[in-house]
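Here are a few notes on the stretch I was looking at, for when you have the model open. Tell me if you read any of it another way.

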Amino acid sequence: MGPGLGASLLCVCVCACSCVRVCYFRFLALQLCHCMALHAAVRHGCDVMYVDSGGSFSSQRLLQLSTARSVKDKQWQSLIRSAQVYDIFEFTDLLDDLLATDRSSPPARLLIVDCLT
């Protein structure tokens, strides 16, 4: 890493929920992904990119979590973006777009990948 990369450092969180065959544990992994996204946006004001490869991202679930945690400020909603990918090629294209130098939106500080298969 060279100088000046600290502010744009991309944190990667991989929740490999598809590797878990038990439905209960898969639910917990998805819950963890949503909780991490909400926590990063609310507590740290971070831009979050949720890469949804299994159709599991739910903005409704994020609203339920924020209500349960009594989050009054709804500014976090603009900080969490999601993108649905269907294969590895779309995933690498998305990563290329995220790392491109001319961005129209702020860089994601937290990248959540909900599934690796």
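Strands here are DSSP runs of E, at least two residues long, and numbering starts from the N terminus. Bear in mind that this is a predicted model.

1. Let's start with Asp 52. On that definition, Asp 52 sits in strand β2, which covers residues 48-52. Is Asp 52 buried or exposed? Its relative accessible area is 6%, and the cut-off for buried is under 20%, so Asp 52 counts as buried.

2. Who does Asp 52 touch? Leaving out residues up to four places away in sequence, the contacts are Phe 57, Ala 83, Gln 84, Val 85 and Asp 114.

3. Next, the loop. Gly 54 lies between β2 and α2. With a relative accessibility of 45%, Gly 54 comes out as partly exposed. Have a look at Tyr 86 too: the C-alpha atoms of Gly 54 and Tyr 86 are 7.9 Å apart, although 32 residues separate the pair in sequence.

4. Now helix α2, residues 59-68. Which of its residues are buried? They are Leu 62, Leu 65 and Ser 66. These three span an arc of only 100 degrees around the axis, so they fall on the same side of α2.

5. One last thing to check is the backbone after the helix. Ser 70 follows α2 and has a positive phi, near 55 degrees.

Definitions and conventions
Residues numbered from 1 in each chain as written. Predicted model: local features only at pLDDT ≥ 70, side-chain atom pairs only at ≥ 80, totals over all residues. Heavy atoms only, no water. Helix = DSSP H or I, 4+ residues; strand = E, 2+ residues; numbered from the N terminus. Buried < 20%, exposed > 50% of the residue type's maximum accessible area, 1.4 Å probe, protein only. Contact = heavy atoms within 4.5 Å. Arc of directions from axis to C-beta.
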